[in-house]
Amino acid sequence: MKPRRTVPAGPGWLRALSAKPLRTRRLVLRPPRRGDDRLVYPAVRESMKDLAPWLVWATDAYDEKACRAYVRNAMRDYAAGRGFALFMFAHDGAFVGGTGLHVRGASARYYEIGYWCRSSMAGRGYATEAVKALLRLAFASPDVSRIEIRCDPRNHASERVIRKCGLKLEGRLRKIVRHHDGRLCDHLVFAKVRRARA
Ligand SMILES: CC(C)(COP(=O)(O)OP(=O)(O)OC[C@H]1O[C@@H](n2cnc3c(N)ncnc32)[C@H](O)[C@@H]1OP(=O)(O)O)[C@@H](O)C(=O)NCCC(=O)NCCS
């Protein structure tokens, strides 16, 4: 009997990134692959001080095993069309950080972009370059009408990235996220939507 071929799920413009990563002026964005934990883990550890205030998964419990599990699950989710994690690399192959699109919405599907940049490479415009490229890619597909990014109102670097990418502030969700230290935090919601045709 012929082995059954699994058809990758998810929209074509995201599936395509497995075969052909997204190239920007200075970056390459591609889905997670087996073994990526060896690159991701040291970058996260190096950056813990900057990540921990904003990312719920960046805690002392984040160890090599957790990182391996994250990469494995992210690969599985990508193949199943449940979520589209991407890793950012410089053109010389250096690991820069993580980004990706979370699938949101019920009757109207939309995407939320998330990102982090390793501390040693922060402040060079990489996150902005990655988000702009993802917005261009997403809105080139006629099926995409809305891309959202959320950030803590105190996360000025992230808010700056969002504003540089041209998303508009839609509102503030109060006490919407529980931080790992127990605090309930607000989030600002920004979005870019496809312009209605005249
Ligand atoms: C947010 C983050 C991804 C930005 O990555 P980056 O590659 O440094 O971003 P960029 O260089 O594209 O842009 C950062 C902007 O924030 C500004 N910035 C940095 N720290 C800042 C601060 N404390 N206050 C105000 N602005 C700040 C930079 O000056 C730059 O703006 P500019 O181009 O106008 O000078 C990175 O800081 C990070 O990983 N933070 C921790 C994780 C996180 O917060 N993720 C997002 C969750 S919503």
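User: Start with the fold. What is the strand order in the open sheet?

Analyst: The model is predicted. The order is 1-2-3-4-5-6-8-7, in an open sheet of eight strands with mixed pairing.

User: Which strands are at the edges?

Analyst: Strand 1 (22–23) and strand 7 (168–178). Each pairs on one side only.

User: Walk me through the pairings. How many bridges join strand 2 and strand 3?

Analyst: Four, in the antiparallel sense. Strand 2 covers residues 27–30 and strand 3 covers residues 83–90.

User: What about strand 4 and strand 5?

Analyst: They run antiparallel and are joined by eight bridges. They also form a hairpin, with five residues between the strands. Gly105 in the turn has a positive phi of about 90 degrees.

User: How do strand 5 and strand 6 run, parallel or antiparallel?

Analyst: Parallel, with two bridges joining them. The chain goes from strand 5 through helix 4 to strand 6, and this β-α-β crossover is right-handed.

User: Is strand 6 buried or exposed?

Analyst: Five of its six residues (146–151) are buried, so strand 6 is largely enclosed by the rest of the structure.

User: What pairs with strand 6 over six bridges?

Analyst: Strand 8, residues 184–193, in the antiparallel sense. Arg146 stands opposite Val193 in strand 8, and Ile149 stands opposite Phe190.

User: Then strand 7 to strand 8. How many bridges?

Analyst: Seven, and the strands run antiparallel. Leu173 has His187 in strand 8 as its bridge partner. This hairpin has five residues between the strands, and Gly182 takes a positive phi near 100 degrees.

User: Why does Glu112 count as partly exposed?

Analyst: Because 17 other C-beta atoms lie within 10 Å of its own. Buried takes 20 or more, and exposed takes 12 or fewer.

User: What does Glu112 touch?

Analyst: Leu101, His102, Arg104, Glu148, Ile149 and Arg150, not counting residues up to four places away in sequence. Glu112 and Ile147 are 35 residues apart in sequence, yet 5.7 Å apart in space, C-alpha to C-alpha.

User: Now Ser119. Where is that one?

Analyst: In the loop between strand 5 and helix 4. Ser119 counts as partly exposed, because it has 16 C-beta neighbours inside 10 Å.

User: Which residues is Ser119 in contact with?

Analyst: Glu46, Ser47 and Asp50, leaving aside neighbours within four places in sequence. Ala74 is another story: 45 residues from Ser119 in sequence and 22 Å from it in space, C-alpha to C-alpha.

User: On to the core. Which residues touch the most other members of the largest nonpolar core?

Analyst: Ile113, Ala130 and Val131, out of 40 residues in that core. Helix 4 (residues 126–139) gives the most to the core, with six residues.

User: What does Val131 touch?

Analyst: Ile113, Tyr115, Val161 and Cys165, again not counting residues up to four places away in sequence.

User: Last topic, the ligand. Which residues come nearest?

Analyst: Ala127, Thr128, His156, Ala157 and Arg160, of the 21 residues around the ligand. The elements giving two or more residues to that shell are helix 2 (37–51), strand 5 (110–117), helix 4 and helix 5 (156–164).

User: Which element gives the most?

Analyst: Helix 5, with five residues.

User: How do the shell residues divide by type?

Analyst: Into 12 nonpolar, six polar and three charged.

Definitions and conventions: Residues numbered from 1 in each chain as written. Predicted model: local features only at pLDDT ≥ 70, side-chain atom pairs only at ≥ 80, totals over all residues. Core = buried A, V, L, I, M, F, W, Y, C linked by C-beta atoms within 7 Å. Contact = placed C-beta atoms within 7 Å. Near = placed C-beta within 6 Å. Nonpolar A, V, L, I, M, F, W, Y, C, P; charged D, E, K, R; others polar. Pairing = 2+ DSSP bridges. Right-handed = clockwise from strand over helix to strand, strands pointing away.
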